[in-house]
Amino acid sequence: MEINQKRLHIYVLSWNQADITVGCVRSLVNLLSPIPYNIFIIDNGSIDNSVEIFNQTFPDIEVLQTGENLGYQGGMNVGIQHGLNSKIDYLLLLNNDTIADSAMLTELFRLFPEDADLVSPGIYLADKKDKLCSFGGNFNPVFLEVMRSPRAEYEPPANIVEFEFLPSHAWLIKSSVFEKIGLFDCDFFPIYYDDLDFCLRMYRVGYKLYLIPQAKIYHLGSMSVGGKNSPKERYLMARNSGHYFRKNMNFWQAPPIFLFRLGSGMIWTFRLLFQNNLDAIAMFWKGFVEGWFKPLPSKKDGAETDL
């Protein structure tokens, strides 16, 4: 089938951030594309007037309402299932705190490798548009982690790069991937490590992932969890990392992984202490204990209400 005969759905997940989502969707409305596409906004149980704003601003765009906050995984799963039911060929899953370059889709499909199952545009900083704010990587066979020191920015590669992991800011993915390995794991509610878990599942069955830096999207930041190194972000990262490793590691990997994560926790403690961010330190270790030693709370347990 020719590329222009295939179908694409774009899903933008939103929760109580109508103004940010409107900016994202406006950047998508007039994208140059070799393939027909439809845009859908997934309202993830917003308690403000987001749905009303979306309907007034974009009367021709369907808003899928979850009815409650299902977290990133549950919200995106609503969109993914909608796409699978619609028998589309590709899904573009977008964070709402992104702004797409007008040529993003053109470049993604122009450079889409023949063996690719998932591609991502370069995720560039909104305030420094020649630098990437995140990068892909490969899984360490022992630690099941992408072993790269976190940085505020990265130089974009000159060419397409194959990775085993790509962060889920903007995934263009074949629908057949979800049909084979399933949807996102909702145990990572509300956010973090779900994309690492999904990419590991893809990697283990031989799927191919590529970063296409010539395609560009711009990221505003960690808008839904209070920003980088906020107490909420540190808690969720620590808790969900523990769950990720407990889910995916083999018995022999447990000692080195746990010791490695414990050491990483100490490094984070010193970093946050240097910033005088004592609340984030306390929440980090709360999340660490829960992630490694307690059952992960589900949405029905009110996991987010006390954060």
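Buried means under 20% relative accessible area, exposed means over 50%, and partly exposed lies in between, with a 1.4 Å probe and protein chains only. Keep that scale in mind as you click along. The model on your screen is predicted, so local features need pLDDT of at least 70 and side-chain atom pairs count only at pLDDT 80 or more, while totals for chains, interfaces and linings use all residues. Residues are numbered from 1 along each chain as its sequence is written, and side-chain values use heavy atoms, leaving out hydrogens and water.

**Stop 1: an exposed phenylalanine**

Select F270 to begin. With a relative accessible area of 55%, F270 is exposed. This residue is found in helix α8; helices here are DSSP runs of H or I with at least four residues, strands are E runs of at least two, and both are numbered from the N terminus. Helix α8 (residues 254-274) gives the patch its largest share, 3 residues.

**Stop 2: into the cores**

Next, select F198, M202 and Y244. Within the largest nonpolar core, which has 57 residues, these three touch the most other members. Helix α9 (residues 278-293) supplies the largest share of this core, 6 residues. A core of this kind is a set of buried Ala, Val, Leu, Ile, Met, Phe, Trp, Tyr and Cys residues joined through side-chain atoms within 4.5 Å. In soluble globular proteins, nonpolar side chains tend to be buried together.

Stay on F198 and show its contacts (heavy atoms within 4.5 Å). Leaving aside residues up to four places away in sequence, F198 touches W171, I173, V177, F178, I181, G182, L183 and F184. Then jump to L8, V25, L28 and V51, which are among the 39 residues of a second, separate core.

**Stop 3: two residues brought together**

Pick Y235 in helix α7 (residues 231-248). Y235 is buried, at 3% relative accessible area. Draw a distance to M283: the two C-alpha atoms are 4.9 Å apart, although 48 residues separate them along the chain.

**Stop 4: backbone details**

Move to the loop between α5 (175-181) and α6 (194-204), where P190 lies. The peptide bond joining F189 and P190 is cis, with omega about -5°. Y192 lies in the loop between α5 and α6 too, and has a positive phi of about 90° without being a glycine. Y192 is buried, at 15% relative accessible area.

For another positive phi in a non-glycine residue, go to N16, where the value is near 55°. N16 sits in the loop between β1 (8-14) and α1 (18-29) and is partly exposed at 25%.

**Stop 5: the cysteines**

How many disulfides does a search of the whole structure find? The search finds 0, a disulfide being a pair of cysteine sulfur atoms within 2.5 Å. Select C186, partly exposed at 38% relative accessibility. Its closest cysteine sulfur, in C199, is 16 Å away, too far for a bond. Finish on C199, which is buried at 0%; its nearest cysteine sulfur belongs to C133, 16 Å away.
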